[in-house]
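Hi,

Here is the structure I said I would pass on. Have a look at it first, and my notes on what turned up follow below.

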Amino acid sequence: MRSVRALAATAALSLLAFSTIAFAGAPKQGGILRMYHRDSPGNASIHEGATYSLNVPFMPVFNNLVIYKQDEAQNRMDNIIPDLAESWAWVNDNKTLTFKLRQGVKWHDGKPFTSADVKCTFEMLMGKSQQKFRQNPRKTWYEQVNDISTNGDFEVSFNLKRPQPSLLALLASGYTPVYPCHVSPGDMRTHPIGTGPFKFVEFKANESIKLTRNTDYWRKGRPYLDGIEFTIIPNRSTAILAFVAGKFDMTFPTEVSIPLLKDVKSQAPNAVCVVEPNNVATNIIVNSSAPPFDNIDIRRAMALALDRKAFISIMFEGQGDVGGTLLPPPNGLWGMPKEMLETIPGYGPDVKANREEAKKLMQKAGYGPDKHLAVKVSTRNIPIYRDPAVILIDQLKSIYIDGELDVVETANWFPKVARKDYMIGLNLTGNAVDDPDQSFYENYSCGSERNYTNYCNKEIEKLFDVQSQETDIAKRKKLVWDIDKKLQEDVARPIIFHARTGTCWQPYVKGVTVMSNSSYNGYRYEDVWMDK
Amino acid sequence: MFAYLVRRLFLMLVTLFGISVVIFFLLRIVPGNIVDILFAAAGYVDPADKANLEKELGIDRPLIVQYWHWISGFLRGDFGYSYVSEKPALQEILPRIPITARLAGLALLFSASIGIPLGVISAVKQGTRLDYALRVVSLSGLSLPSFWLGLLILTASVAMFGQMPIFNPNPATWLEAFATYAVPAAAVGFRSAALTMRITRSSMLEVLRQDYIRTARAKGASEVAVNYHHALKNAILPVITVIGIEAAFLIGGLIVTETVFNIPGVARFLVEAIRWRDYPIVQNLVMFIAVVVVFANFTVDMLYAVFDPRIRYTD
């Protein structure tokens with residue numbers, strides 16, 4: 001009898017505990033999520049921008065064909081899920097990607113979503129339609145797409161020139177929403193219409209962005225929030241103080257630097273903060289078309305002089321990653337393993353030995369203790385650019401290179417780089433998708449607009465195509481590592497480090513996932529809710 | 001008097017024309033335009049896209065044509081469209097003006113209501129501990145940059161009260177409404193109050209040594225009447241001049257204060273517009289500020305005659 005009572009009591013307690021957990025964990029409907037925004041985006045059209053300042057507030061307005069699962073931190077091929085597409089299939093020897101589309105979806109203005117919207121969005125991105133974007137920074141993503149065809153209102157196919165498995169990854173990015181055909185690109189810049197969980201309400205430049213719940217959202221029961229309000233606060237100190245004072249439920253994603261994170265934790269100990277890599281690589285652009293950096297020995301010496309751990313230690317209190325072009329594991333999918341990385345000149349752990357080797361190369365080029373090489377290190381006049389540039393100048397001193405900082409206003413930075421009016425530059429490269437195609441073709445391909453250094457190696461170019469078509473992930477990874485190693489050895493664009501940054505939210509905010517290998521793809525916010 | 005007024009008005013028009021030319025050409029001298037910035041932000045340049053955009057915005061036309069297009073529009077009340085938001089420039093500028101005007105007005109009020117009485121007290125109590133203390137306060141006001149003072153206020157508010165007075169467009173209580181403007185106005189007006197105080201003090205000291213003050217005292221006038229009726233009235237002229245000049249300089253202080261306190265006024269908006277090389281916004285806004293400053297100077301000149309009967313504007 002006693003054992004029966006004990007069993008019943010245990011069962012009752014378990015039930016109580018379970019129901020308590022379930023009750024506490026059940027998402028609640030309602031509330032406005034208040035977040036600060038780091039700056040005022042130029043417009044509201046994601047397709048016309050190249051900054052996540054646009055993705056964060058406007059990604060919730062849209063849907064993609066497919067999307068990275070929003071509650072998993074790592075973007076991978078196997079966690080791409082249907083969005084406006086219900087399913088997809090590779091056919092025709094992997095040269096056609098066909099999507100079956102969701103039916104009954106409506107744009108925020110009430111018009112029905114059909115395959116025509118998908119066709120016209122991507123034709124506009126490919127530059128093949130009558131209507132044009134004012135700017136189209138990701139046109140190169142669709143270079144392998146021959147055309148887009150529709151089969152009725154709810155089927156659409158991407159017909160490729162050759163297989164490109166990574167197309168699906170590009171389509172899952174926060175940078176790839178589907179736009180309505182019936183709204184002009186101009187109107188999308190000022191009043192975006194989407195099919196997403198939140199409707200656009202207003203965007204007051206330098207002031208605020210407001211979104212409200214889409215009550216007619218196709219995913220029933222979502223979103224949980226009644227709306228999202230972004231207050232634009234460019235001054236980081238004011239923004240962090242306002243978060244600490246409880247004026248905001250969440251900081252702007254990945255905008256809390258490691259030193260600031262300590263302040264937040266000390267002043268708001270209950271705040272939930274996560275630190276993740278943001279897949280932004282700090283690198284050196286070298287003008288190899290003019291002396292002295294047309295000399296490969298000097299370029300190699302410079303690469304050998306880098307003490308990457310010192311950069312990470314000074315700037316991020318040790319929280320950063322050393323890697324090649326692609327974000328290193330475990331967060332990155334395609335980065336070289338540590339053992340392989342350390343075989344590349346300049347990546348070995350013995351900095352002193354590396355620098356001795358660098359000095360020999362400098363002496364071979366005619367420089368030494370009595371004859372230093374004077375260079376200008378150009379960079380944008382923004383702390384995240386300027387600070388590492390100062391450390392770089394200090395490190396270059398050890399190999400007879402005297403650097404002088406040349407800070408350039410943002411408006412003049414890209415024109416200066418484009419006309420090759422620099423010797424070396426300190427640059428940041430963000431990757432929207434953790435995929436080699438995006439990184440290789442954009443930054444290292446001959447003739448690419450964003451290949452700032454004009455690095456062009458036809459052999460490597462062929463390898464880009466080989467890896468791009470490879471469907472076996474293990475084989476592709478091996479190819480990618482070899483390419484990345486070669487790029488570092490060629491000193492095409494020496495990677496210094498991959499940054500990590502923080503995001504904080506108040507303890508009552510639930511369902512937030514910060515992506516760990518891209519800072520462009522995780523802002524749909526339809527699963528976010530507030531426990532208050 | 002009438003001829004003087006006409007001459008002053010004509011000079012004002014010439015000044016405003018000169019300012020319009022300077023604003024327009026200075027903006028074009030600054031390297032980079034909106035198209036450069038848009039493409040820099042996107043990290044690429046497509047020459048065809050760039051040329052299309054320059055044509056669309058009209059910045060590919062000769063400068064003189066662009067100037068005429070702007071100034072003729074300005075005179076007709078057509079202020080053009082913001083390059084960034086693509087909304088009418090007036091629609092962008094107008095809602096922000098009352099915010100900055102309130103802030104500037106409060107800052108000036110703070111400056112005058114604190115600076116003048118403290119300046120008088122400091123002069124009257126010359127050489128006392130109170131005078132030294134007030135001089136230290138005024139020196140600190142002149143030395144503290146307003147952005148630093150603003151950040152100090154915000155940090156202290158959060159540390160001491162767990163609250164911070166940043167801009168709230170829809171304040172729920174009078175206290176919130178007060179905090180919205182009064183705290184930043186005090187931060188920006190502190191420097192101005194310090195300057196006003198110092199000028200009032202030195203001007204008062206000079207006047208207090210005059211014979212007529214001694215006569216007033218000999219007549220048996222009270223200290224309050226002597227200080228505020230006889231002395232201050234005669235010492236106020238340089239103070240008015242300084243407040244007039246400060247009103248023009250205030251815009252500089254407001255830029256940082258609006259940034260620190262996140263107030264969506266015209267001063268911060270102007271800086272953002274300059275950063276984006278948003279010509280229609282910058283040109284029209286600077287012209288608006290120029291008109292305000294020119295008229296403020298004119299008003300100050302007119303006020304001289306009101307406060308000092310010796311001054312008469314004759315033909």
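Predicted model: local features only at pLDDT ≥ 70, side-chain atom pairs only at ≥ 80, totals over all residues.

Glu526(A) sits in the loop that runs between E17 and E18 of chain A. Is Glu526(A) buried or exposed? It counts as buried, because 21 C-beta neighbours fall inside 10 Å and the cut-off for buried is 20 or more. Leaving out neighbours within four places in sequence, Glu526(A) is in contact with Pro197(A), Arg219(A), Arg222(A) and Pro223(A).

Tyr525(A) is in the loop between strand E17 (509–510) and strand E18 (529–530) of chain A. Its backbone deserves a look: phi is positive, about 60°, although Tyr525(A) is not a glycine. Tyr525(A) is also buried, since 26 other C-beta atoms lie within 10 Å.

Arg222(A) and Pro223(A) are joined by a cis peptide bond, with omega about -5°. Pro223(A) belongs to the loop between strand E9 (208–213) and strand E10 (227–232) of chain A. A cis peptide bond also joins Pro329(A) and Pro330(A), where omega is about 10°. Here the loop holding Pro330(A) is the one between strand E12 (320–321) and helix H10 (338–341) of chain A.

Thr254(A) also has a positive phi, about 55°, and is not a glycine. You will find Thr254(A) in the loop between helix H6 (236–244) and helix H7 (258–267) of chain A. It counts as buried because it has 25 C-beta neighbours inside 10 Å. Why flag these spots? Most residues other than glycine have a negative phi, and most peptide bonds are trans.

Still in chain A, there is a hairpin to look at. Strand E6 (residues 145–150) and strand E7 (residues 155–160) of chain A pair in the antiparallel sense over five bridges. Val145(A) stands opposite Leu160(A) in E7(A). Four residues separate E6(A) and E7(A) in this hairpin, and Gly152(A) in the turn has a positive phi of about 75°.

Now for the core. The largest nonpolar core has 219 residues, and the members that touch the most others are Tyr36(A), Ala242(A), Ala301(A) and Ile424(A). The largest share of this core, 15 residues, comes from H11(B). Which residues does Tyr36(A) touch, not counting those up to four places away in sequence? Among them are Phe230(A), Ile233(A), Ala242(A), Phe243(A), Phe248(A) and Phe252(A).

On to chain B, which has 13 helices and zero strands. Its C-alpha trace spans about 85 × 60 × 35 Å along the principal axes. Of the 315 residues in chain B, 38% are buried. For contacts in chain B with a separation of 6 or more, 75% are between residues 24 or more positions apart.

Helix H13 (residues 279–307) of chain B has 29 residues and reaches 41 Å from its first C-alpha to its last, close to the 42 Å expected at 1.5 Å a residue. Its buried residues include Tyr279(B), Pro280(B), Ile281(B) and Val282(B). What covers the buried residues of H13(B) includes helix H1 (2–29), helix H4 (63–76), helix H5 (89–93) and H12 of chain B.

And the interface: 35 residues of chain B are in contact with 34 residues of chain A. On the chain B side, the elements that give two or more residues are helix H2 (34–42), helix H3 (47–57), helix H8 (146–161), helix H11 (223–260) and helix H12 (266–275). H2(B) gives the most, with seven residues. By class, that side of chain B has 19 nonpolar, eight polar and eight charged residues.

Last, the confidence figures. Chain B averages a pLDDT of 88, and 99% of its residues score at least 70. For the complex, the predictor gives an ipTM of 0.80 and a pTM of 0.86.

Cheers

Key:
Residues numbered from 1 in each chain as written. Chains lettered and ligands numbered in written order. Contact = placed C-beta atoms within 7 Å. Nonpolar A, V, L, I, M, F, W, Y, C, P; charged D, E, K, R; others polar. Core = buried A, V, L, I, M, F, W, Y, C linked by C-beta atoms within 7 Å. Buried ≥ 20, exposed ≤ 12 C-beta atoms within 10 Å, placed from the backbone. pLDDT = per-residue confidence, 0-100. Expected span 1.5 Å × (residues − 1). Pairing = 2+ DSSP bridges.
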